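Have the coordinates open as you read.

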Amino acid sequence: MDTNPEHDTKLDQLLVSRVLETGQSHAQNGTVHPMFCQMNRLTETGGSEVVWMQVARWIKFEEVLDEDANRWSKPHVPSLSLDALTTFRKDMRHVPCLLDPDITDFNSLVDKLTLSWVQGGYLDRAYEDAIRLALRKPHRHVHERKLPRPVSGSNLLAVRERGLGGSSVSLHSLESHATDNENDSNEDGSDASSYKATPRTNRKNVKIQRKIPKNAVATNILIGELTTLRRPLMAFVRLNPPRHLGWLCEVRLATQFMFVCLAPDVIEDYDVREIGRCVGAIMVDPIFREVAENSSNRFEILAGISEFCSHLTALPPSVWDPKTRIEPPVKLPKQNYRRVSTKTLKERRESRIEHVDEEEGLRRTGRFFGGVIEDVKRKLPWYASDFKDSLHVQCVASTIFLFLATLTPNVTFGGLLGQGTDQYMGTMECILAAAICGVIFALFAGQPLNILGSTGPMLVLEMIIYEFCRDNSWDFLPFRVWVGLWTALILLLVAAFDLSALVRFITRFTEECFACLIAIIFIYEAFAKTIKINSDYRTYFGSYNHTPSCPASPATFPEDADSSGSNSNSSSLYLPLNTTAASLLSNIYDNINNTIITNSSTANSSIFNTTAATTTTMSSTASLTGTNSSEAGSACKEYVPDVFLLSFIEFLFTFVIAFTLVKARNSIFFPNVVRRMMCDFGVLIAIVIVVGVDAALEIDTPKLEVPEKFTPTRPDRPWLINPFSDKNPWWLALAGVLPALLATILIFMDQQITAVIVNRKEHKLKKGSGYHLDILVLAVLIVCMSFLGLPWYVAATVSALAHIMSLKVESDCAAPGEKPEFLGVREQRVTALLVGILSGLSILLTGILKIIPLPVLYGVFLFMGIRSLDGMQLVDRFLLYIVSPKYQPDYPYLRHVQLMRVHLYTLIQIMCLAGLWIVKSLKATSIGFPLMVLATCFIRKLLDCLFSQEELTWLDHLLPPLHSSAKFGGGGSHKKNTEVTFDQVITMETKRRFSLFRKPVVRLPSPFPRGERTLMETKMRRTVEARMQDCTLP
C-alpha cells in the first residue's frame, strides 16, 4: 500500500504498543469506551434543501441505508476499497488533525475546522462562509422517516442520486440559503431553522441505543461533494472529554471523534463514500480506537492506521464481488496478538504457566490437608455470592428441570436395587439418599454444580456385596457399614495427601470416553425403557377384522347369542380388545344396544362387518346378559389399546419440543427476550404440553410411581444400622477393606472425571474448583449413608452436564449482526440445594407426580443424553469418517494434523469406548469397570509413542511430567526456557529492524511541518531507545 522506504511497519507496531502501554497505565479503568460510528452525507433533496443524510452506521459491523427499500441493510463485515484506504492514509499525513481542541459547542468546532483549512491553504477565504454554512446544515436520520416532513414538504429520501450515491452540492446554492438561515440556530448551534422547526428534533433512536454497550461514545463522519471546491478538504478531530453536539448523532451519545471529508465532484478517483467507509471500519476496530484515544500527535495516529492496514486481507476481484455482504462471524477473533509489547508477552507467559499449575487447584501443597485448605480459601470468598447469584428466573427453570430429570433415575434405580438386595434398599432409600446428599453437597462442596446420583457400577457393587453376605448367611447392612467406613477412610487419606492432584493426568481422551459412554447409556436406556412398555401393553399388528380377544364364559351369554350364524362364531365367544373407555362411549353403546335388540340377528350380522360394530360388541353383549361395562373391562384389564403407540409418541414429542426450544436461543424468530425464556424453560414447557395432551386423551399410559409413606422399603429393617451383628464374625470388619478398595477406585474415578468435565475451561467458570474438598465431603456422606442404610451417591456426569447447560449465560447487549457471546455459567449453590430439598419432599408431591407419564421422563433422558454429546470432539471426529474431505468443517486440528492420523486417533478412542461398554454390560466383568476407566489413562500415556507431541497438542492435552516441582507443578524448567525464547525473539527482531536508529538522525516523511517533525523525531528516538533497553539479551 505505502511504498515509502522511510516508513517501517515494525516501527509503527512498536509505537502502537508503546501507546497502548501508556494508555493502560494512565487509564482509570484500563479499557477504552465502546464506539458507535455514524456517517452522514451532504445531500440536496427534491425541494432544493441541503441536509446531512445518514447513509451508514457501525456498532461492530457495518449497516448501510438501502434507499430503494427505505431500510437499513443486514449487518455485515465491511469490505474496504484498497485505493480509498491508501488515499485516506496518505492524506492523513498533512491534513488538519485537531487533538483535544478547546471548543465549547459545534459552532466553535466548525470555526476551528474552517480556520485550519484556510491557514493550511486548502480553502479560499471566499468560500469560508459557505463551507461553514454547509457544515451547519441540518441532519436527517433514518429512524425519522415516519415523522412529519420538513416545512418545504419535500421528501428527504427523494434525492436525485439516492443514498450512498449522493449528489454534488453547489456552493452557490448554499449561499442562497444563507440569508434565510442566518439568524436561526438550534439548542447548541449545530442546526438550521428548518431543522429546529420540525418536531423530529425531540426524538432519538431509542431502539438502536438499547443495542449499544454502556459508556459508549460516538464518531461522526461527514462526507460530501461540492462542485466548486478546488481540492479535497479533510480533517480529523478528537474531543477530550467527549461532548454532546446536539442532533448530530441519531442516538444520545457524546461525540469523541469526528472526521470530515469534502471533495470536488470533478475528481473521479476520489470517492468520499469509500473513504468514509474506511474511516468507519477503522474507528470500530478496538486496537485503533485505543490508539486514537491515547495518541499525543499525528504520527502515533498514522502508526495506528498503518498497524490496522498491516492486518488487512485482500480479496481478488476475479473471484469476489465487493458488493457482496459478508455474514458476521459466529465468534469475533481475539485481538491480543496485535499487542506485541514485552509486558503483554510476559503476562501471557505467566498466565499460561498459571493455567498449567493453578488450573482447577491441582497443585500438590506438600502439607497435611493442604489441598483442602487451599480449596476452602478459594471458595470461601465466593460463598455469599453463591446464594445471591441464584436470584434469577433461569435458576427456577433449572431447578424444576433437574428435579424431574433426577427423580426418575432415583425411582428406577431404587426398583433395581430393591430387586438385587431383597428390598433392603429400595425406592424410598434412594429418594432419601438423593435428598441428604444433595443438600449437604450443595452447601459444603467445592464444586456445587456437580449433581450426585446413582450409577450402574455402584448398583453392581451393592449387589455383589449382598450376594456375598447372603451366600454366607451374614447380615448385609452391618457388613456394608464397615465397607463404607473403610471407603471413607481411604478417601480421607486421598484428601489429606492431596492425591486428587493425580486428576491432572486425566486428559480429554479419558474425559470424552467416559462422558460419551454415560451419554450413550442415557440414550440407550431411554429407548429401551420406552420399548419395554410394549411388553406390558402389547401392540396388535394383525387383521383389523380379527382382533385379539380374551375368552369369556359361555354361560354368561344368552342362548340366542348363537343365532347370528357362522359370521359371529368368534365374536360371540370372545370380547374384542380394540375398545376405548366405557365412560366415553356409554351413550353410543346404549344406542347400538337398542339397535341390536330391535333389528335382531340381521343387524347383529351387519355390525360385525364394520369397525364400529366390532368396537361395541362387548357393551351390547354385557347389556344382554345383565353385565355392566366395568365388569367386562375388569375381565380384560391387561389389554389396553393405543398405550404403546401413545407412549412412543409422547417420548419423541417431549424430546423434539425440548430440543427445539432450547436451540431457539440462536434462531431468527421472536425477540431476544422471548428466545431466552423459551430456552431456559424449554424442558419444562415440553413436559407441561405433553402431560396436558396425555391427560386430555385419558389413555392409561404408565405413570411415575413415588412412595406415599415415609417408611423403609423392607419393614423389618431400621433406619439406623448397627455395625455389629451376631451373625457376622469379627474379622468381617477387617475384611471390608477389600471391597472398599474397589469402591474407592470407582467413587474416585466417577467423581473426579465428572469434576474435570464440569471444570473445563470452555465453561468459563470463575469461582474455581474444589477437587480435594469434594472428596472430603463425599467421605463424610459415605459414612452417613452407611449408618442409615442408604445407597452411596457420586457425581452423575450427564446430570452435571445438564446442570451446566441449563445455567449458561450469554450477553444481553448484542450489536446488530453480533451473535450472543457465551459469558460463562451462573455459578451458585441454590439450584442443587433446591433439587435435594424437592427430592426429599417428593413423597408429599405424589398427587402431582403421579400424573406424569413415564415416556415423558424417558424423553427428558434422551434430551439429556443427546445434549451431552453436543460439542464433544469425539463425536465431531467420528462424523469425519462419513463426510467427504472437501465438505469437512474447518476444525483447528484438521489444519495441523493429517486426516489419516486423526482417523487413527479416533479409532483408538472408539475402541476404548467399546471396551468400557462391554465391561459395563457384562455382569461378570461389570465390577471391573472402574479399573477399565483407569486403564484409559495408561492407554493415553502409550499414545505418546504413536503420535507426536504436536499432534497430541491439537487432538488432546499434553500430559504433565511425572516428576513435577512443588511450585510449578511440572513446569519448573518451563518458565526459564520460555523467558529465554521470548526475550531472544524480541531482542533479535528489535535490533534487526531498528538498527537504523543508531544513526544520529531519524528521518520522517516530508509532508510534516518542520516544528512538528522535530518534536516527533525527539519523542520517537526516546521511545525506541527505551524499547531497546527493555530488550537486552539474557
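Two strands count as paired if DSSP finds at least two bridges between them. Strands here (E, at least two residues) and helices (H or I, at least four) are DSSP runs, numbered from the N terminus. What you're looking at is a predicted model, in which local features need pLDDT of at least 70, side-chain atom pairs count only at pLDDT 80 or more, and totals for chains, interfaces and linings use all residues. Residues are numbered from 1 along each chain as its sequence is written, and side-chain values use heavy atoms, with hydrogens and water left out.

First, the overall picture. The protein chain has 39 helices and 15 strands. Of its 1034 residues, 52% are buried, where buried means under 20% relative accessible area, exposed over 50% and partly exposed in between (1.4 Å probe, protein chains only). Take the contacts (heavy atoms within 4.5 Å) with a separation of 6 or more: residues 24 or more positions apart account for 80% of them.

Now zoom in on strand 7, residues 217–226. Strand 1 (residues 35–44) runs parallel to strand 7, and 7 bridges join the two; Met35 stands opposite Val217. Strand 7 also pairs with strand 9 in the parallel sense, over 9 bridges, and there Leu226 has Pro264 as its bridge partner. How many residues of strand 7 are buried? The count is 10 of the 10, so the strand is largely enclosed by the rest of the structure. In a regular strand the side chains alternate between the two faces of the sheet. Both faces of strand 7 are covered: Val217, Thr219, Ile221, Ile223 and Glu225 are buried on one side, and Ala218, Asn220, Leu222, Gly224 and Leu226 on the other.

Follow strand 9 (residues 255–264) onwards and you reach strand 8, joined to it by 7 bridges in an antiparallel arrangement. Arg238 stands opposite Phe257 of strand 9. Strand 8 (residues 233–243) is also joined to strand 5 (residues 97–99), by 3 bridges, and those two run parallel. Leu98 has Val237 of strand 8 as its bridge partner.

Next, hop over to Arg826, in the loop between strand 15 (822–825) and helix 30 (830–840). Is this arginine buried or exposed? Arg826 is buried, at a relative accessible area of 17%. Leaving aside neighbours within four places in sequence, Arg826 is in contact with Asp389, His392, Gln394, Cys395, Leu449, Leu807 and Val809.

Helix 30 itself packs on helix 16 (residues 427–444) at an angle of about 155°, with the axes 7 Å apart. Axes are lines fitted to C-alpha atoms, for helices over the stretch in contact, and angles run from 0 to 180 degrees between N-to-C directions. On the helix 16 side, Ile431, Ala434, Ala435, Gly438, Val439, Ala442 and Leu443 meet Ala832, Leu833, Gly836, Ile837, Ser839 and Gly840 of helix 30.

Among the residues making the contact are Phe653 and Ile657 of helix 23 and Ile685 and Ile689 of helix 25.
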